[in-house]
Amino acid sequence: MIRPSLVRSSVLRMVRPQFIQHRRAFSTPNSVLRGDLVQDLYLREIRAYKPPPLKPSDSEGHVQKFSAPKAPQSPDEGDIAQDLKAYENQQVELEGQAASGESGAAEESWFEEEEDDEEHAAAAH
């Protein structure tokens with residue numbers, strides 16, 4: 001004879017897949033636990049990099065040699081006294097005055113007088 005517990009368990013096995021209980025489970029993705037493979041490789045290569053030692057001759061061809069500029073030549077001092085006298089003897093030219101011996105051209109008046117507002121107002125009425 002078949003035991004009742006065996007029958008019940010077999011019936012429950014058949015019925016159970018239809019009524020699945022949903023459980024909440026906390027799971028972390030594997031990528032968070034593992035870390036980033038590319039980032040790890042990159043950081044390892046950066047840490048392993050050793051720059052080549054610098055030599056004094058490394059700058060040759062990239063930097064020009066310094067040479068002090070030539071001193072400027074001084075002007076001729078003999079001519080300075082004559083130039084100064086000629087400057088002092090020059091006649092002063094003022095704007096608006098005719099030079100000596102030239103006839104003065106009549107200046108144009110560029111200033112235009114506006115008509116009084118009162119005349120406009122009287123003409124309008």
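**Exposure, helix content and confidence of the predicted chain**

Of the 125 residues of the protein chain, 0% count as buried in this predicted model.

The secondary structure of the protein chain consists of five helices and zero strands. Read from the N terminus, the order of elements is α-α-α-α-α.

The average pLDDT is 76, and a score of at least 70 is reached by 62% of the residues. Helix α2 (residues 30-34) has the lowest confidence, with a mean of 59, whereas helix α3 (residues 37-48) has the highest, at 93. Where pLDDT is low, the predicted coordinates should not be read in detail.

At 1.5 Å a residue, the twelve residues of α3 should span 16 Å; the C-alpha atoms at the ends of α3 lie 17 Å apart, which agrees. With regard to burial, a residue would need under 20% relative accessible area to count as buried. The number of buried residues among the twelve of α3 is zero, so helix α3 lies largely in the open.

Key: Residues are numbered from 1 along each chain as its sequence is written. This is a predicted model: local features need pLDDT of at least 70, side-chain atom pairs count only at pLDDT 80 or more; totals for chains, interfaces and linings use all residues. Side-chain values use heavy atoms; hydrogens and water are left out. pLDDT is the predictor's confidence in each residue, from 0 to 100. Helices (H or I, at least four residues) and strands (E, at least two) are DSSP runs, numbered from the N terminus. Buried means under 20% relative accessible area, exposed over 50%, partly exposed in between (1.4 Å probe, protein chains only). The expected span of a helix is 1.5 Å times one less than its number of residues.
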